[in-house]
Amino acid sequence: MSDPAGFPAEFDRIEAAVDAGQTDLRALGFWRLLAKVKADPILAHHWAEQAGRIDRKAFEARARLRVPVWFGNAVLVVGTLVGAAAVVFALTTDSETQAGLALIFAALTWSVTLHVPAHWLVGRLMGMRFLAYYVRDLIPPVPGLKIDYATYLRVDPEARAWMHASGAIASKIGPILALAFWPASGAPGWAGWAILGYGLLIIGTDVFISTRKSDWKRYRREMRIARAQAANR
């Protein structure tokens with residue numbers, strides 16, 4: 001596998017295994033193979049089509065419940081608008097308690113609904129495409145957006161890195177936006193502190209969890225690849 005001449009056999013072996021019903025790409029060595037391919041932009045472009053095809057087959061075999069990208073985006077946009085309506089309510093209601101609850105609701109809603117569309121928007125601007133929305137986690141239900149891995153490999157690693165980072169950044173914008181409306185809303189102090197606490201909590205999850213398992217881990221991985229490619233030029 002360390003010899004580029006061995007890549008065709010490895011990709012064919014993995015694709016045959018996926019066609020036979022095996023969908024654990026990590027166990028098949030797919031991601032180890034991709035790490036070597038991604039280190040060289042020429043190899044990444046060369047193997048993008050087959051790698052994307054393998055990844056798509058495995059995804060479609062695993063994720064039975066999926067919806068078109070436009071539908072998932074539409075649902076999350078509606079959710080964002082519901083959050084905006086909650087802010088309008090907070091600014092116009094005569095009840096301080098209801099205003100506080102509405103702002104907290106907006107903060108929670110926006111932190112969820114802005115995350116995945118940010119991945120989509122930045123990814124599309126960078127030249128990537130996406131396959132479908134799916135349910136990434138059941139408890140609680142978390143929406144996932146599956147990327148077309150062929151298009152992912154064809155863009156520069158810096159672009160891939162910022163696509164990953166965009167969702168993590170967008171989810172932090174939600175509480176910040178909601179907190180910005182707190183002074184004008186007349187909501188009680190506990191509402192502002194609750195929103196601030198939630199914002200700090202999700203920042204903490206980024207620092208202690210996402211850097212090891214999620215978006216920021218992927219961001220750091222792609223930036224390492226970018227630096228390695230720059231050093232080899």
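Helix α12 gives the most to a patch of positive charge, with four residues. The patch lies on the surface and gathers Arg26, Arg32, Lys36, Lys217, Arg220, Arg224 and Arg227. Two elements give two or more residues to this positive patch: α3 (30-38) and α12 (215-231). Helices here are DSSP runs of H or I with at least four residues, strands are runs of E with at least two, and both are numbered from the N terminus. Patches take residues with over 30% relative accessible area and no salt bridge; like charges are joined within 9 Å. A salt bridge is a side-chain nitrogen of Lys or Arg within 4 Å of a carboxyl oxygen of Asp or Glu.

This is a predicted model, in which local features need pLDDT of at least 70, side-chain atom pairs count only at pLDDT 80 or more, and totals for chains, interfaces and linings use all residues. Residues are numbered from 1 along each chain as its sequence is written, and side-chain values use heavy atoms, with hydrogens and water left out.

Arg224 is found in helix α12. Its relative accessible area is 46%, so Arg224 counts as partly exposed. Buried means under 20%, exposed over 50%, and partly exposed in between, with a 1.4 Å probe and protein chains only.

Now the whole chain. The protein chain has 12 helices and three strands. Its C-alpha trace spans about 70 × 40 × 30 Å along the principal axes. Of its 233 residues, 44% count as buried. The chain exposes about 12,600 Å², and carbon and sulfur atoms supply 65% of that area. Areas come from the Shrake-Rupley method with a 1.4 Å probe. Among contacts between residues at least 6 apart in sequence, 69% join residues at least 24 apart. Contact means heavy atoms within 4.5 Å.

Gln50 is found in helix α4 (residues 41-62). Gln50 is buried because its relative accessible area is 11%. Leaving aside neighbours within four places in sequence, Gln50 is in contact with Phe11, Asp12 and Glu15.

Asp206 sits in helix α11 (residues 189-213). With a relative accessible area of 14%, Asp206 is therefore buried too. Not counting residues up to four places away in sequence, Asp206 touches Ala168, Lys172, Thr211 and Trp216. Asp206 and Trp216 are 10 residues apart in sequence, and their C-alpha atoms are 7.2 Å apart in space.

Methods:
Patches are made of residues with over 30% relative accessible area and no salt bridge: like charges are joined within 9 Å, nonpolar side chains (Val, Leu, Ile, Met, Phe, Trp, Tyr) within 5 Å. Lys and Arg count as positive and Asp and Glu as negative; His and the chain ends are not counted. The place of a charge is taken as NZ of Lys, CZ of Arg, CG of Asp or CD of Glu.
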